[in-house]
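These are my notebook entries on one structure. I record what I looked up, entry by entry.

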There are 2 protein chains.
Amino acid sequence: MLSKTCEYGIRAVMFIAQKSKEGEKVGIKAIAEGTGSPEHFIAKILQELTKRELLQSTKGPNGGFYLDSEHQKYSLADIVKAIDGDKLFTGCGLGLENCSEKKPCPLHDEFKEIRERIKIMLQSARVGEFNEKLDLGLSFLKR
Amino acid sequence: MLSKTCEYGIRAVMFIAQKSKEGEKVGIKAIAEGTGSPEHFIAKILQELTKRELLQSTKGPNGGFYLDSEHQKYSLADIVKAIDGDKLFTGCGLGLENCSEKKPCPLHDEFKEIRERIKIMLQSARVGEFNEKLDLGLSFLKR
DNA sequence: AAAATAAAAGACAAATTACTCTTTATTTAT
DNA sequence: ATAAATAAAGAGTAATTTGTCTTTTATTTT
């Protein structure tokens, strides 16, 4: 469904959002630890998200990654698109490049409905909306 | 969503089902051609499906792959499971090994619903149910 | 200004997935 | 019985994804 890169990315962003109360910043090491992800790998992913301005960071002592309230409004769909592109939302389920409404694969309508649901789900989920759930220990980000 | 291997596999199986009127058999070359797939690669995939008895074949002149009416009743879910395993149906959306009802990831319920839909869709689609659509040219298997 | 801290960048290594080629085994037709 | 046709099997190669390590750059504190 999602690439591993994207899974790590989402988990990291949720983690950062949670820790970003009052502009607190969180370093790569803590993120890797808190999400059970390989440190250098997740660093690369977050670099990319920062470049695309879905995530904020500062260097130097007391630096790290963070998400102000504006940035907590980005959707998970934004993150997924930034990492995996939009094939999940638009690609043919059977991998046919020319599959379209006019020239559909046999599963076109079926996959369309599913893709649509995934899209809605990810578009309506905001990066920052999981903070409480995580704070209360009702859900987890670490394997 | 599906691996490329699985996409090829499904397309091939649909193609074979369509061509299997009255026990006609179809060779690897025709399958590769008819589904726009790499010949030797699709051969491997079909080998595996045959070994698992989701597909039938005979060697020698006039041999090839085919699906009798009993075998046309297998579902696409059967094919997917044989090739990709069942991670699509059961895996955590964020890649967390220990994600479960009791210890859920933040997107657990959302992904559960989507996985459920995918499962129902693939379980209710029979390998042989696309023959007519394909015969009438209402859908295609080749990019 | 210097030292320390932290992300950015880049070059590499490993693992997995996708694909190719060659040989072997089986079946059918002559 | 032999030859031809065809899938099965196996041993590769190539590409992509995942993961690691090292160096550089920017920022802050002293």
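**Entry 1: terms and overall layout.** I take helices (H or I, at least four residues) and strands (E, at least two) as DSSP runs, numbered from the N terminus. On that basis I find 7 helices and 2 strands in chain A. Read along the sequence, the pattern of chain A is α-α-α-β-β-α-α-α-α. I note that this is a predicted model, in which local features need pLDDT of at least 70, side-chain atom pairs count only at pLDDT 80 or more, and totals for chains, interfaces and linings use all residues. Residues are numbered from 1 along each chain as its sequence is written, while chains are lettered from A and ligands numbered from 1 in the order in which they are written.

I looked up the extent of chain A: its C-alpha trace spans about 55 × 30 × 30 Å along its principal axes.

**Entry 2: burial and contacts.** I call a residue buried if 20 or more other C-beta atoms lie within 10 Å of its own, exposed if 12 or fewer, and partly exposed in between, with C-beta atoms placed from the backbone. Of the 143 residues in chain A, 38% are buried. Two residues are in contact if their C-beta atoms, placed from the backbone, lie within 7 Å. Among the contacts in chain A with a separation of 6 or more, 69% join residues 24 or more positions apart.

I next looked for a nonpolar core, meaning a set of buried Ala, Val, Leu, Ile, Met, Phe, Trp, Tyr and Cys residues joined through C-beta atoms within 7 Å. In soluble globular proteins, nonpolar side chains tend to be buried together. The largest core here has 80 residues, and those touching the most other members are A:Ala12, A:Val13, A:Ile16, B:Ala12, B:Val13 and B:Ile16. Leaving out residues up to four places away in sequence, I find that A:Val13 touches A:Leu55, A:Ile79 and A:Val127.

**Entry 3: where the chains meet.** How many residues does the contact take from chain A and from chain B? I read 29 residues from chain A and 29 residues from chain B. On the side of chain A that touches chain B, α1, α6 (108-124) and α7 (131-135) of chain A each give two or more residues. The most, 6 residues, come from α6(A). I sorted residues by type: Ala, Val, Leu, Ile, Met, Phe, Trp, Tyr, Cys and Pro count as nonpolar, Asp, Glu, Lys and Arg as charged, and the others, Gly among them, as polar. That side of chain A then divides into 15 nonpolar, 5 polar and 9 charged residues.

**Entry 4: helix α6 of chain B.** This helix (residues 108-124) has 17 residues and reaches 24 Å from its first C-alpha to its last, close to the 24 Å expected at 1.5 Å a residue. The expected span is 1.5 Å times one less than the number of residues. Its buried residues are B:Phe111, B:Ile118 and B:Leu122. Seen down the axis of α6(B), they fall within an arc of 30°, so they line one face of the helix; the arc is that of the directions from the helix axis to the C-beta atoms. Exposed on the face turned away from the buried side are B:Asp109, B:Glu113, B:Glu116, B:Ile120 and B:Ser124. The cover over the buried residues of α6(B) includes α6 of chain A, with α4 (76-84) and α5 (87-90) of chain B.

**Entry 5: the surfaces near DNA.** I count a residue as near a strand if its C-beta atom, placed from the backbone, lies within 6 Å of it. Around DNA strand D there are 26 residues, of which A:Lys4, A:Pro38, A:His40, A:Gly60 and B:Gly27 come nearest. The largest share of this surface, 4 residues, is from α3(B). Around DNA strand C I find 26 residues, the closest being A:Gly27, B:Lys4, B:Pro38, B:His40 and B:Gly60. Here α3(A) supplies the largest share, 5 residues. The surface near DNA strand C holds 7 nonpolar, 14 polar and 5 charged residues.

Entry 6: Most residues other than glycine have a negative phi. A:Asn62 has a positive phi, near 65°. A:Asn62 lies in the loop between β1 (56-58) and β2 (64-66) of chain A, and counts as exposed, with 8 C-beta neighbours inside 10 Å.
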